[in-house]
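Please look at the sequence and the model below.

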Amino acid sequence: MTLTAAEKSCLASTFEKIAPKAEQYGSELFQRMFLGFPQTRTYFAHVDTSANSPQLSAHGAKIIASLGKAIKNVDNMSAALSDLSDLHAQSIRVDPSNFKYISHCLLVLLAAHLKADFTPQVQIAWDKFLAAVSAVLTEKYR
């Protein structure tokens with residue numbers, strides 16, 4: 001999946017708007033996912049998953065930071081996210097379908113917070129990007 005120069009620019013500028021609130025948005029991302037897709041909670045049995053949980057906020061911030069890393073390395077995401085691909089495929093063994101769930105929840109979160117700035121072009125760019133991230137994260141599954 002190829003992102004255009006305009007889509008890459010869109011991702012970078014949108015990310016600048018969400019990065020300062022990484023913990024807040026990261027926690028909200030998980031809350032949305034747990035509500036919409038409760039089966040995903042099984043991967044977090046060892047974590048306090050209540051709203052405003054410091055553990056969930058910290059993990060959510062890591063996800064937002066990883067998306068930032070992927071945006072900065074959008075033309076070489078496989079290398080940039082190789083460690084995360086290994087972690088999810090080999091150690092945690094996350095069901096790959098969960099990447100679709102969290103991607104969906106992130107699009108909803110972006111729409112909720114960006115409001116009028118969440119244009120159809122922004123949605124398309126993020127949808128393509130998240131599909132590419134999901135593909136990279138599942139590369140090392142057997």
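## Core and helix packing

The largest nonpolar core has 42 residues, and M33, M77, L106, W126, F129 and V133 touch the most other members. Such a core is a set of buried Ala, Val, Leu, Ile, Met, Phe, Trp, Tyr and Cys residues joined through side-chain atoms within 4.5 Å. Buried means under 20% relative accessible area, exposed means over 50%, and partly exposed lies in between (1.4 Å probe, protein chains only). At least two core residues come from each of α1, α2 (22–36), α3, α6 (97–114) and α7 (120–137). The largest share, nine residues, comes from α7. Helices here are DSSP runs (H or I, at least four residues), numbered from the N terminus.

This is a predicted model: local features need pLDDT of at least 70, side-chain atom pairs count only at pLDDT 80 or more, and totals for chains, interfaces and linings use all residues. Residues are numbered from 1 along each chain as its sequence is written, and side-chain values use heavy atoms, with hydrogens and water left out.

**Two helix pairs.** Take α1 (residues 5–18) and α3 (residues 54–72). Their axes come within 10 Å and cross at roughly 150°. That makes α1 roughly antiparallel to α3; the term applies to angles over 145 degrees. Axes are lines fitted to C-alpha atoms, for helices over the stretch in contact, and angles run from 0 to 180 degrees between N-to-C directions. The crossing of α1 and α3 is left-handed. In a left-handed crossing the near helix is turned anticlockwise from the far one by less than a right angle; clockwise is right-handed. On the α1 side, L11, A12 and F15 meet I64, L67, G68 and I71 of α3. Six of these contact residues are nonpolar, one is polar and none is charged. By class, Ala, Val, Leu, Ile, Met, Phe, Trp, Tyr, Cys and Pro count as nonpolar, Asp, Glu, Lys and Arg as charged, and the others, Gly among them, as polar.

Now α6 and α7. Their axes lie 10 Å apart, at an angle of about 155°. This pair is therefore roughly antiparallel too. The crossing of α6 and α7 is right-handed. F99, S103, L106, L107 and L110 of α6 make the contact with Q123, W126, D127, L130, S134 and L137 of α7. The classes are seven nonpolar, three polar and one charged.

**Single residues.** Which residues does F129 contact, leaving aside its neighbours within four places in sequence? They are L3, L11, L67, A70, I71, V74 and M77. Contact means heavy atoms within 4.5 Å. A70 lies in α3. The C-alpha atoms of A70 and F129 are separated by 8.9 Å, although the two are 59 residues apart along the chain. Not counting residues up to four places away, A70 touches M77, L81, F129 and V133. S27 sits in α2.

N52 lies in the loop between α2 and α3, and K115 in the loop between α6 and α7. Most residues other than glycine have a negative phi. Phi is positive at N52, near 70°, and at K115, near 50°.

| Residue | Relative accessibility | Class |
|---|---|---|
| A70 | 0% | buried |
| S27 | 7% | buried |
| K115 | 59% | exposed |
| N52 | 69% | exposed |

How values were computed: Angles under 35 degrees count as roughly parallel, over 145 as roughly antiparallel, 65 to 115 as roughly perpendicular and the rest as oblique.
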